[in-house]
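Please read the following report alongside the sequence and the coordinates.

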Amino acid sequence: MGFFGAVRQGRKDDLELGKGLWRRAHDRFHRGLDRYHQVLEGVDDEQLYNELVQIANELAELSPRVRTICVEAQKRSPSDGLDVPGGLAGVHRALSKAGNSLATTAEAAAMLRLAVGPVPVGALSVRRRAESVFEQVADAERQLGA
């Protein structure tokens with residue numbers, strides 16, 4: 001994306017997500033995805049790389065869902081600050097947990113990348129951490145729908 005494309009996207013994000021709490025939750029999730037993809041660049045083991053890419057693809061599929069949650073939350077409870085609205089506190093908590101879990105998923109992938117020799121269980125530890133991201137995004141959707 002060029003400079004002007006980034007500016008247009010930033011303006012769109014400001015309109016849809018605001019500049020507060022929901023924008024931060026959205027951006028944190030995307031930074032976690034970026035971090036995970038950066039880790040993939042250093043994986044030499046082809047089998048492990050393929051497993052990690054599969055997980056990366058599944059995590060990336062969550063991105064539009066996270067954006068939808070944040071856009072809807074911004075519509076219901078606009079935020080330009082860091083105060084968590086009482087009615088949507090559960091949604092924010094689930095999104096925060098998802099962002100944290102995504103960061104630990106990237107960390108687990110980085111640890112596998114640094115492993116010496118073959119990894120006997122493959123990307124199982126990364127898969128377990130990714131599962132919590134899926135659960136937390138689903139929890140945020142449930143809480144937003146309630």
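## Salt bridges

Seven salt bridges are found in the structure, which is a predicted model. In general terms, side chains of opposite charge can pair when their charged atoms come close.

## Pairs within one helix

In helix H2, which spans residues 21–40, the side chains of Asp 27 and Arg 23 meet in a salt bridge with an N to O distance of 3.1 Å. Because Asp 27 and Arg 23 are four residues apart in helix H2, about one helical turn separates them. Asp 27 has a relative accessible area of 24% and is therefore partly exposed, whereas Arg 23, with a relative accessible area of 16%, is buried, the limit for that class being under 20%.

A salt bridge also joins Glu 72 to Arg 76, whose closest N and O atoms are 3.0 Å apart. Both residues belong to helix H4 and are four residues apart, about one turn of the helix. Glu 72 is partly exposed at a relative accessible area of 27%, and Arg 76 likewise counts as partly exposed, at 45% relative accessibility.

Glu 141 and Arg 65 form a salt bridge in which the closest N and O atoms are 2.7 Å apart. Glu 141 counts as partly exposed at 29% relative accessibility, and Arg 65 is partly exposed with a relative accessible area of 32%.

## Positive charge on the surface

Four arginines, Arg 24, Arg 28, Arg 31 and Arg 35, gather on the surface in a patch of positive charge. Of these, Arg 28 lies in helix H2 and is partly exposed, its relative accessible area being 36%. That value meets the requirement for patch membership, because residues in a patch must have over 30% relative accessible area.

## The surroundings of Gln 136

Helix H6, which covers residues 124–145, contains Gln 136. With 16% relative accessibility, Gln 136 counts as buried. When neighbours within four places in sequence are left aside, the residues in contact with Gln 136 are Ala 94, Lys 97, Ala 98 and Ser 101.

Notes
Residues numbered from 1 in each chain as written. Predicted model: local features only at pLDDT ≥ 70, side-chain atom pairs only at ≥ 80, totals over all residues. Heavy atoms only, no water. Helix = DSSP H or I, 4+ residues; strand = E, 2+ residues; numbered from the N terminus. Buried < 20%, exposed > 50% of the residue type's maximum accessible area, 1.4 Å probe, protein only. Contact = heavy atoms within 4.5 Å. Patch = residues over 30% accessible without salt bridge, like charges linked within 9 Å, V, L, I, M, F, W, Y side chains within 5 Å. Areas by Shrake-Rupley, 256 points an atom, 1.4 Å probe, with all protein chains shown as cover. Lys, Arg positive; Asp, Glu negative; His and termini not counted. Charge placed at Lys NZ, Arg CZ, Asp CG, Glu CD.
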